[in-house]
Amino acid sequence: MTSKRTIKIFDTTLRDGEQSPGASMNLKEKMEIAQALVDLGVDIIEAGFPIASPGDFEAVREISQNVRGVQICGLARCNEADIDRAWEALKRAQSPRIHVFLATSAIHREFKLKMDKQEIVERAIFGVRRAVGYCDNVEFSPEDAARTEPDFLCQVVEAAIKAGATTVNIPDTVGYATPAHMGRVIRTLVERVPNIDKAVISVHCHNDLGLAVANSLAGVENGAGQIECTINGIGERAGNCSLEEVVMALRTRSDFYDSDTRVNTQRLVPTSRLVANITGIQVQRNKAIVGRNAFAHEAGIHQDGMLKEPRTYEIMRPEDVGFAKTDLVLGKHSGRAALADRAKALGYHLTGEQLQSVFEEFKLLADKKKEIYDADIAALIDERIHGVSELWSIGSYQLTAGSGQTPSVTLALKHGEEECSQTMACGDGPIDAIFLAIEKLTGVSAVCRDFRVQAVTVGKDAQAEVNVELDYHGKLYRGRGVSTDSVEASAKAFLNAINRILGSSREQPALAASGSK
Ligand SMILES: [Zn+2]
């Protein structure tokens, strides 16, 4: 038997994934995801685009300093300032990688960069060389490669490898490729670039036509050794290649691809949930691999076959991707050790202090609701650990509402040690009245773009989880609140989003980075 090829998994959830509208994450959240990606077994984490904003720089620097056992990558355009800033953020990483990119397609050359082919080649060589001056692990991406003329793409890739690039990444930036097309692009590079054996070929596919995973697999079939992807496929527009799908395709069909990855697939579901909870972007029920229905066999004839022999209808086992066989239930008498154990199984790394604070909340919840499920625990931890620095928090509220009557609310909010309250009779319903009172007290007025209530678990005593999306000066901010009282959960979610608005306005404004692959 020949030994299988190991395909490198390059996760860009924290860089390209974060570009999903409303998915921006704070430093604590990024650190939590980075640690989960290490547990998952990815090879490279793209932690951000350091020159894009002070927040991005800080995230790449902190992840470089504190996360071990994985390569950490930072993105840069082909200019001195970008590359120097990327290195500044990456230099303390155990194994740093600088990723430089430059658009190569005719439309980008002509309209965006206003550079001719020769200038593009020279700029690419300049960028790679400058990065190589800092570290020997350098990735080069010709942005919009899938729409670049094949001859010119070969020329740029050869020059980048000659200048020292050890990975050449081929992005389908606009999601235009089809599997046969993407496969041909990679095959052309393998056949025509004379020094191609000196670098790993990577693919970076966008999902505009729903083909990102298929295109990535076509890349592997034709010689790519690295796949760039994100958890749950999050990213701009229709997103990126979904990590869990591409990894399970390679694992399930290793007979065909004769390749595998280092990913610990039992961590896929916990990591997917973590990213969904942190970004507020839930996966649809029928999402392959990690969706709630991914392993639900409802059709009678399938059930009959499943009972006789699961392999009749099942190509993967739910436990292989990390679905727990049974949802363990905790209750009032469960101790700290049991809670710590479940938190760990769900993918959280809690410090002693965090565990103590979550345990206190857990006890309060156990008084209100008899059975506490994994989803309850995840919701509690997310609220305690991922909450933004709470400038404002809920004190108490009183509400009178009824049909045909203007709702009246008295709301008390805490701002540090101070408590202020407001009574208002307004709004077209109790939730609206609470939102208006919060706006009045905090002095922040925003447009509510989305408001969703869902039950965290089953049962009438289930906790309500509310997700809101607020538009503040054209930027989206999300907020999340959980409580057994759905009005309180709504107030918490709204206030959480307001806290994010206030928190981010204290940061320096983001530098408008032209172009990102
Ligand atoms: Zn991209």
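Okay, one term before anything else: buried means under 20% relative accessible area, exposed means over 50%, and partly exposed is in between, using a 1.4 Å probe and protein chains only. With that in hand, take Lys114: its relative accessible area is 65%, so it counts as exposed.

Quick housekeeping. What we have here is a predicted model, where local features need pLDDT of at least 70 and side-chain atom pairs count only at pLDDT 80 or more, while totals for chains, interfaces and linings use all residues. Residues are numbered from 1 along each chain as its sequence is written, and side-chain values use heavy atoms, with hydrogens and water left out.

Back to Lys114. This lysine sits in the loop between helix H4 (106-113) and helix H5 (117-132). When I say helix or strand, I mean DSSP runs, numbered from the N terminus: H or I of at least four residues for helices, E of at least two for strands. Phi of Lys114 is positive, near 50 degrees, and this is not a glycine. Arg237 is another non-glycine with a positive phi, about 50 degrees. You'll find Arg237 in the loop between E9 and H9, and at 48% relative accessible area it is partly exposed.

Now, strand E8, residues 200-205. Is E8 enclosed or open? Well, 5 of its 6 residues are buried, so E8 is largely enclosed by the rest of the structure. As for its partners, strands count as paired if DSSP finds at least two bridges between them. E8 pairs with strand E7 (residues 167-172) in the parallel sense, over 6 bridges, and one of those pairs Asp172 with Cys205 in E8. To get from E7 to E8, the chain goes through helix H7 (residues 179-192), and that β-α-β crossover is right-handed. Right-handed here means that, with the strands pointing away from you, the path from the first strand over the helix to the second runs clockwise. E8 also pairs with strand E9 (residues 226-229), again parallel, over 3 bridges, with Val203 opposite Ile227 in E9. E8, helix H8 (residues 212-221) and E9 make a right-handed β-α-β unit too.

Next up, Glu244, in helix H9 (residues 243-252). Buried or exposed? Its relative accessibility is 1%, so Glu244 counts as buried. The Glu244 side chain reaches the backbone nitrogen of Asn232 at 3.0 Å, and it makes a polar contact with the side chain of Ser242, at 3.0 Å. A polar contact is a pair of N or O atoms within 3.5 Å; within protein, one must be able to donate a hydrogen and the other to accept it, and residues adjacent in sequence count only if both atoms are side-chain atoms.

After H13 comes Gly347, with a positive phi near 100 degrees.

Last stop: an open sheet of 3 strands, ordered E14-E15-E16, with antiparallel pairing. The edges are E14 (447-455) and E16 (475-483), each pairing on one side only. E14 and E15 (residues 464-472) share 8 bridges, and Arg452 has Asn467 in E15 as its bridge partner.
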